[in-house]
Amino acid sequence: MGIVGRGRELEALRGWLEQARAGHGRVVICGGEAGIGKTRLAQEFAGSALATGATVVWGRCVEDEGAPAYWPWRQVLKGLKADHVLTGVAGDRFGLFEAITEAVEEAAGPQGLVILLDDIHRADEPSLLVLRYLAGQVANLPVLVVATCRHDERPKLLAELPAERLDLHGLDLDAVREQLPTATPDQVDHVYAITGGNPLFVTEVARAIADGSWHPDRPPRTVLDIVGSRLDRVTGDCRRLVQAAAIVGREFQLATVAAVLDLPVERCLPLVDEAITFGFLDQNLRFVHALTRDAVEASLSTTDRAALHRSVAEVLERQYAGNLAEHLADIARHRAELAPYGEGATAQHWLVLAAEDAVRRLAYEEGVRLYQAALEIAPTPAEERCSRQVALGRAAYLAGDLQTCVKAATEAAKAAHNPEQKAEAALVLEAVPDPGINTTAKRLCEEALAADVHDATRARLLAQRSHLAFYDGEQERLDSLSLEALELARRTNDDRALADALHARQEACPGPSGRAERLLLATEMLELAQRTDNPRAAMWGELWRLDALIESGRLAAAAEELPALKVAVDRVGGPVSAWHHDRVAACIAQARGRYAEAAVIARRGFERMRVVEPAPATGAYFALLIAMAGHVGTPDATIGQSFDPPPRFATMAHLSRAYLQSCTGRTEEAAASYRQAGPLETWSLPAFFVMPGYVYAALACAGIGRYDDLAVLLKRLEPFRGEHAVGNGVAYLGPVELALGRGAAALGRLDDAIEDLTTAAHQATRAGAPGFVAEAHYHLAQALRDRNRPGDRARADATAQDAARLADSLGMTAFQDKPPGSHKPVLSTREAEVATLVADGLTNRQIAAELVISERTAQNHVQHILTKLGFATRSQIATWAARGGMSTPMSDSADSR
């Protein structure tokens with residue numbers, strides 16, 4: 001008999017499969033209450049999909065917490081003949097996710113691949129994370145993933161998935177009538193009223209009507225009631241078999257159940273047939289529904305249930321003694337049921353084994369759950385408390401559960417019996433962009449440093465404390481701590497301590513002044529990588545070297561180094577290392593004027609990283625887009641998109657956004673973003689971003705008319721002459737002289753502007769940054785025209801032609817059709833007020849009194865207005881205003897000084 005009352009839902013699924021075959025895959029969440037027919041619909045759809053040539057694989061989740069990690073995906077991969085994937089990726093969880101996705105992609109033929117995940121609400125969290133990762137990749141694949149889920153048990157992760165929703169509701173009266181072909185109209189109405197159209201409930205009632213056990217005057221209240229009453233009608237041996245099977249799980253091995261009952265398998269076969277006849281089991285030795293199993297288990301007394309859990313645990317331990325790994329979580333589940341009866345220590349032992357296995361399998365969330373269960377189920381021996389909490393903390397850190405990590409590290413430190421254990425507790429936590437977590441990490445680190453620990457351990461603790469100082473902006477402390485860590489690590493000859501210390505020291509050497517040392521540190525890290533055959537160390541060494549090359553303007557040399565980084569990244573594997581390659585490769589491409597290539601690489605890196613660590617992924621991607629905005633513009637969606645950076649990077653985010661908005665003519669928004677950064681003297685910029693932060697701020701101030709701040713910023717940029725502004729290998733902003741020249745032009749210091757812009761063009765040429773050559777020439781031509789001395793006009797025309805040719809060849813849309821001198825002058829709000837008062841005939845002193853500012857500030861405003869408008873006298877301002885010049889767009893400058 002086909003499925004009843006689900007024609008619309010079946011058609012929807014078939015339509016989505018056709019779209020998947022056309023390369024438009026998706027995930028569908030099929031939801032509803034227990035017994036509503038989610039699995040039955042999936043089975044019917046699977047049959048029709050197979051009939052049309054699609055490949056269909058199932059991944060079924062179990063009702064209890066005894067399945068191994070990634071259990072539904074193990075079944076899927078086995079169905080795809082790719083079960084080697086789960087053991088082929090070592091130490092890289094997101095490398096595993098990529099490998100699973102690649103296996104799915106390879107298995108998806110032209111007729112499409114259907115993956116059916118049944119009862120996904122029962123899945124372990126790592127399995128849900130795989131589904132989330134895959135959901136972000138299937139849009140362009142011939143793959144349809146259908147996951148069934150109970151509404152009232154839907155995990156939070158499912159709510160966040162980019163997925164279609166297919167909700168099932170109770171059958172209507174006609175569909176219930178179709179399920180009860182022998183019932184009278186009154187019986188149909190009665191059954192519909194009792195069941196609400198729940199298909200499983202209706203099916204169970206239909207069975208009761210057929211076998212004569214239906215009593216209209218005593219109707220069952222739930223499916224559990226009706227199944228429980230049917231259990232009373234089977235033989236005692238069949239009852240014992242299904243009860244033992246219910247304890248084993250919804251799916252079971254008959255050999256296991258036979259061993260629990262101490263019966264030969266042959267004696268159990270007739271009992272299985274009886275259970276199938278009475279509707280408890282299907283032909284695959286699986287309970288027909290989770291509620292059926294629940295009803296059978298509910299029939300057991302507490303004593304019988306405990307005895308069966310003990311028997312099942314003992315049988316599993318014997319049956320799989322040679323290879324327990326696949327069954328540790330299941331054994332732990334059964335042993336945990338016995339903890340209230342004096343067997344807590346045994347349960348704790350098995351839970352810890354299962355937790356260790358989960359972490360080995362990169363199922364960190366499951367490891368956290370199991371470690372927590374072990375700690376809660378029985379008192380932990382004093383000598384083991386610290387190590388257990390350390391293990392929990394490390395699993396939590398890898399799972400991204402930082403609050404649990406902090407708590408575990410704190411508890412581990414309390415339970416430590418010696419200084420080395422206290423140090424291990426402190427090293428559980430790593431520095432993160434979260435001041436609250438770092439406060440605890442600092443306390444634990446300093447407590448450990450106060451004790452007498454081995455030199456290698458002390459070096460690691462000093463490196464950890466140095467990282468924390470980096471996030472707090474304690475540059476002097478960072479310098480001394482990292483130096484001490486490195487000197488100590490070198491003396492110990494401990495490679496792990498040396499790697500940690502090199503990382504810490506690299507953070508302590510920002511900007512041009514630290515570049516030479518960073519290159520030496522890169523060389524030392526590469527030597528360590530070669531000595532230990534450590535690809536991760538090689539990756540860091542190559543990254544540090546590339547960052548230094550870009551910062552020194554050696555772009556061609558940096559491009560030649562990229563293949564070496566690619567080799568190291570490929571050996572490390574996973575999206576984080578691949579993202580590091582992509583962010584640097586995109587930066588180099590952007591600096592060299594290869595904008596389309598840079599955008600593609602940056603987007604690829606962002607997509608790889610955003611599911612792992614969204615903050616750095618988003619920060620790096622937007623930094624690259626903002627850097628390109630001045631040359632090729634940027635989509636409106638990028639301009640309007642919000643980004644909540646870590647607190648340490650908040651000021652930088654406001655300044656870069658102000659620059660982006662000023663580039664695109666959104667001066668009012670740019671002024672608002674700039675104000676959010678606060679007064680200039682209060683800014684807090686990470687050490688590696690001081691120079692690019694000042695460049696962004698200076699260019700934003702030039703665009704919105706914040707000239708007093710601009711003058712200060714230009715003074716702060718003076719020490720960086722001859723350098724290139726780079727945001728830590730993320731975005732290249734050109735020679736510092738380019739920002740100095742543009743700023744000087746905005747202030748009317750045209751001689752300085754022309755000299756700096758000429759220098760910037762030469763520097764960008766030597767660096768191999770043609771886009772910045774074109775930008776320098778564009779602004780140089782404008783400055784020459786504004787100065788207008790003898791020979792300036794001819795030089796400006798030639799320079800402008802050079803800029804236009806280069807901009808056209810590079811596709812610099814921000815400069816196309818906008819020759820120097822063609823822009824409309826933009827006055828700030830305050831400048832517009834001053835211009836109005838000048839037109840009214842007020843002197844600088846009178847303007848100052850009117851606007852409550854100093855006379856010197858009023859004079860500066862007048863000079864800026866003259867420069868912007870290309871005028872020489874105040875009368876020209878008055879004439880311009882009288883002719884409607886005040887209709888010129890104005891920026892919303894907040895400068896009221």
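Predicted model: local features only at pLDDT ≥ 70, side-chain atom pairs only at ≥ 80, totals over all residues.
Visitor: What share of the residues is buried?

Guide: Of the 897 residues in the chain, 54% are buried. As for the surface, the accessible area comes to about 37500 Å², and carbon and sulfur atoms account for 50% of that area.

Visitor: How do I read contacts along the chain?

Guide: You look at how many positions separate the two partners. Here, among contacts with a separation of 6 or more, 67% join residues 24 or more positions apart.

Visitor: And charges? How many positive and negative side chains are there?

Guide: The chain carries 95 positive and 118 negative side chains. The centres of these two sets lie 3 Å apart.

Visitor: What is the general idea behind a nonpolar core?

Guide: In soluble globular proteins, nonpolar side chains tend to be buried together. In this model, the largest nonpolar core has 264 residues. Ile-115, Ile-120, Tyr-674 and Leu-717 touch the most other members. Helix H35, residues 690–704, gives the most to this core, with 10 residues. Apart from this core lies another one of 22 residues, among them Leu-13, Leu-17, Val-56 and Val-146.

Visitor: Which residues does Leu-717 contact, leaving aside its neighbours within four places in sequence?

Guide: With those neighbours set aside, the partners of Leu-717 are Met-691, Tyr-694, Val-695, Ala-698, Val-736, Ala-739 and Leu-740.

Visitor: Now a charged residue. Is Arg-388 buried or exposed?

Guide: The rule is that a residue counts as buried when its relative accessible area is under 20%. Arg-388 has 14%, so Arg-388 is buried. You will find Arg-388 in helix H19, residues 382–399. The side chain of Arg-388 makes a polar contact of 3.5 Å with the side chain of Gln-348. Beyond four places in sequence, Arg-388 is in contact with Gln-348, Val-352, Leu-375 and Thr-380.

Visitor: Val-352 is on that list. Where does Val-352 lie?

Guide: Val-352 belongs to helix H17, residues 344–360, and at 8% relative accessibility Val-352 counts as buried. Not counting residues up to four places away in sequence, Val-352 touches Tyr-371, Ala-374 and Arg-388. Sequence and space can also be set side by side: Val-352 and Gln-372 are 20 residues apart along the chain, and their C-alpha atoms are separated by 9.3 Å.

Visitor: What about Asn-438? Which helix holds Asn-438?

Guide: Asn-438 is in helix H22, residues 435–449. With a relative accessible area of 2%, Asn-438 is buried. Leaving aside neighbours within four places in sequence, Asn-438 is in contact with Glu-430, Ala-431, Val-432, Leu-468 and Tyr-471.

Visitor: Next, backbone angles. Which loop holds Lys-81, and what is its phi?

Guide: Lys-81 is in the loop between helix H3 (71–79) and helix H4 (93–107). Lys-81 has a positive phi of about 55 degrees, although it is not a glycine. At 73% relative accessibility, Lys-81 counts as exposed. Asn-493 is not a glycine either, and has a positive phi of about 60 degrees. Asn-493 lies in the loop between helix H24 (475–492) and helix H25 (495–507), and at 68% relative accessibility counts as exposed.

Visitor: Last one: how many residues of helix H14 are buried?

Guide: Helix H14, residues 290–298, has 7 of its 9 residues buried, so the helix is mostly covered. The buried ones are Ala-290, Leu-291, Thr-292, Arg-293, Ala-295, Val-296 and Glu-297. They pack against several elements, including strand S4 (143–150), helix H9 (199–211) and helix H15 (302–319).

Terms used:
Residues numbered from 1 in each chain as written. Heavy atoms only, no water. Buried < 20%, exposed > 50% of the residue type's maximum accessible area, 1.4 Å probe, protein only. Contact = heavy atoms within 4.5 Å. Areas by Shrake-Rupley, 256 points an atom, 1.4 Å probe, with all protein chains shown as cover. Lys, Arg positive; Asp, Glu negative; His and termini not counted. Charge placed at Lys NZ, Arg CZ, Asp CG, Glu CD. Core = buried A, V, L, I, M, F, W, Y, C linked by side-chain atoms within 4.5 Å. Helix = DSSP H or I, 4+ residues; strand = E, 2+ residues; numbered from the N terminus. Polar contact = N/O pair within 3.5 Å; in protein donor to acceptor, adjacent residues only side chain to side chain.
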